[in-house]
Amino acid sequence: MNENSASSGARTVLTGDDIERVLTRVAFEIIEANKGIEDLVLLGIPRRGFPLAQRLAARIAASADTPIDPASLVGQLDITLYRDDLRHSTTRTPEPTKLPAGGIDGKVVVLVDDVLYSGRTIRAALDALSDWGRPRIVRLAVLVDRGHRELPIRADHVGKNLPTAKSEKVRVHLAEIDGTNEVMIEAAE
């Protein structure tokens with residue numbers, strides 16, 4: 001832990017190596033639940049869900065019996081305009097939704113996000129998903145489940161269950177966006 005995080009009351013709960021191990025385990029869980037990789041699509045929820053989906057796709061493709069391009073498994077699902085808190089929170093710039101070439105109709109879609117908290121982001125993702133097609137199955141994979149659900153939503157694949165106080169903040173840092181890989185909990189101010 002660096003000096004700044006120690007003085008701010010932040011503590012690291014997953015290091016970069018921990019994140020890599022967790023993603024490998026979750027990738028194999030996804031393959032097992034799907035009984036292979038046929039009809040599998042990983043849709044990352046921006047911002048940090050998309051790079052996580054890309055990392056999972058790389059691991060899944062590497063385990064395939066025949067060579068497969070990881071990019072053919074992964075896409076990005078923007079949920080900005082489907083959020084129920086648009087009037088109450090800061091404006092978020094919409095990201096483009098990018099679906100794999102095969103689309104999502106009849107596929108097993110795994111939504112990928114960094115932190116599962118209230119469930120509202122996933123509710124918005126389900127609403128957005130229905131505008132793009134009709135998957136056969138929708139599952140959810142998250143790096144961290146911190147509890148405190150406000151909606152009846154649960155993840156099928158969880159990297160780490162992390163009990164937190166509602167006042168604490170969970171910060172996920174990924175190299176693709178933040179230049180480092182770690183998950184931290186920040187104490188309430």
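Predicted model: local features only at pLDDT ≥ 70, side-chain atom pairs only at ≥ 80, totals over all residues.
Start with confidence. The chain has a mean pLDDT of 93. Of its residues, 94% reach 70 or more. Residues 1–7 are another matter, with pLDDT below 50. Beyond near neighbours in sequence, that stretch has six contacts in the model.

Now turn to the open space. Rolling a probe the size of a water molecule over the atoms shows where empty space is left. The largest pocket has a volume of about 920 Å³. Its lining holds 32 residues. Closest to the centre of the pocket are Arg-83, Arg-92, Asp-114, Val-115 and Thr-121.

Which strand gives the most to the lining of the largest pocket? Strand 7 does, with five residues. That strand covers 169–173. Strand 4 (108–116) and helix 4 (120–132) also supply at least two residues each. By class, the pocket lining has 14 charged residues, ten nonpolar and eight polar.

A search of the whole structure finds one cavity of 30 Å³ or more. The largest cavity has a volume of about 40 Å³. Its lining consists of Val-22, Leu-23, Val-26, Leu-56, Val-112, Asp-113, Ala-141, Val-142, Leu-143 and Gly-159. Helix 2, strand 4 and strand 5 each bring at least two residues to this lining. Here the classes come to eight nonpolar, one polar and one charged.

Is Val-144 buried or exposed? Val-144 counts as buried because its relative accessibility is 0%, and the cut-off for buried is under 20%. Set aside its neighbours within four places in sequence. Val-144 is then in contact with Leu-14, Asp-114, Val-115, Leu-116, Lys-160, Leu-162, Val-170 and Val-183. Two of these partners, Asp-114 and Val-115, are among the residues closest to the centre of the largest pocket. Val-144 and Val-22 are 122 residues apart in sequence, yet their C-alpha atoms are 9.9 Å apart. Val-22 itself is one of the residues that line the cavity.

Finally, check the backbone. Most residues other than glycine have a negative phi, and most peptide bonds are trans.

The bond from Pro-46 to Arg-47 is cis, with omega near 10 degrees. Arg-47 lies in the loop between strand 2 (40–44) and helix 3 (49–62).

Another is Lys-35. Its phi is positive, near 55 degrees. Lys-35 is in the loop that runs from helix 2 (16–34) to strand 2. Lys-35 counts as exposed because its relative accessibility is 77%, and exposed means over 50%.

The remaining one is His-148. This residue is not a glycine, but its phi is positive, about 70 degrees. His-148 belongs to the loop between strand 5 and strand 6 (157–161). At 27% relative accessibility, His-148 counts as partly exposed.

Notes
Residues numbered from 1 in each chain as written. Heavy atoms only, no water. 1 Å grid on protein atoms, 1.4 Å probe; cavity = no way out; pocket = protein on both sides within 12 Å on 5 of 7 lines; lining within 4 Å. Points joined across faces, edges and corners; volume = space filled by probe spheres on them. Helix = DSSP H or I, 4+ residues; strand = E, 2+ residues; numbered from the N terminus. Nonpolar A, V, L, I, M, F, W, Y, C, P; charged D, E, K, R; others polar. Buried < 20%, exposed > 50% of the residue type's maximum accessible area, 1.4 Å probe, protein only. Contact = heavy atoms within 4.5 Å. pLDDT = per-residue confidence, 0-100.
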